[in-house]
Each structure stands twice: as C-alpha cells, then as structure tokens.
Amino acid sequence: MMTNVGIQALISIFVHLLAFVLTWWALQSLKFDLLFRHPKNLQARILYILLSVAISYPVAQFFLDYVNWSLLLPQIYG
C-alpha cells in the first residue's frame, strides 16, 4: 500500500516538473522584453518563474487527473 502511494507521489513530482519545463520552454518564445522596462531585472525574472508555475500547475493536474480517471474506468464493469 505504501509503495503504491510512493510511486504515485514520484509520478506526480515528475509530471509537475515536466510541465514546468515545457511551460518555461514555451514562454521563451514570447517577447517579454517589450513588456518590461528592464527585462533582465530580478523582478522580471521572478515574474517569469511565477508565470511558469501558474501555467504549469493546472496543466500537470489535468494530465494527472486524466490518468487517474482512466485507471478508474474499469471499475464501471466490475
């Protein structure tokens, strides 16, 4: 039982990190330097990180929920 919970936690961490990296990579294509006075400033970089987290969290949750719901589907028939 505890092993199953540990594996699920490990998968969740991996999916969240993967979603964060993909979000960070996708945001690299935007021209944020047009929005900020000083785009290399610490405040701009922190906003960039927070925006990546804010986008990646719901994306990761969607995929994790989708997998969990898919695993629950066989219980309809049994």
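Predicted model: local features only at pLDDT ≥ 70, side-chain atom pairs only at ≥ 80, totals over all residues.

Student: Why is threonine 23 called buried?

Tutor: Its relative accessibility is 9%. Buried means under 20%, so threonine 23 counts as buried. Threonine 23 sits in helix H1, residues 2-27.

Student: What makes the pair of threonine 23 and alanine 19 a polar contact?

Tutor: A polar atom of the threonine 23 side chain lies 2.7 Å from the backbone oxygen of alanine 19. The cut-off is within 3.5 Å, so the distance of 2.7 Å meets it.

Student: Which residues does threonine 23 contact, leaving aside neighbours within four places in sequence?

Tutor: Ser52, Ile55 and Ser56.

Student: Why does leucine 42 count as exposed?

Tutor: Leucine 42 has 58% relative accessibility. Exposed means over 50%, so leucine 42 counts as exposed. Leucine 42 belongs to helix H2, residues 42-72. From tryptophan 25, leucine 42 is 17 residues away in sequence and 19 Å away in space, C-alpha to C-alpha.

Student: How is the lining of the largest pocket divided by class?

Tutor: Eight residues are nonpolar, one is polar and four are charged. Lys and Arg count as charged, so Lys40 and Arg45, among the residues nearest the centre, fall in that class. The pocket holds about 320 Å³ of space. H2 gives the largest share of the lining, three residues.

Student: And what classes line the second largest pocket?

Tutor: Eight nonpolar, four polar and no charged residues. Asn4 and Phe63 are among them. The space there is about 270 Å³. H1 and H2 each supply at least two lining residues.

Technical notes: Residues numbered from 1 in each chain as written. Heavy atoms only, no water. Helix = DSSP H or I, 4+ residues; strand = E, 2+ residues; numbered from the N terminus. Buried < 20%, exposed > 50% of the residue type's maximum accessible area, 1.4 Å probe, protein only. Polar contact = N/O pair within 3.5 Å; in protein donor to acceptor, adjacent residues only side chain to side chain. Contact = heavy atoms within 4.5 Å. 1 Å grid on protein atoms, 1.4 Å probe; cavity = no way out; pocket = protein on both sides within 12 Å on 5 of 7 lines; lining within 4 Å. Points joined across faces, edges and corners; volume = space filled by probe spheres on them.
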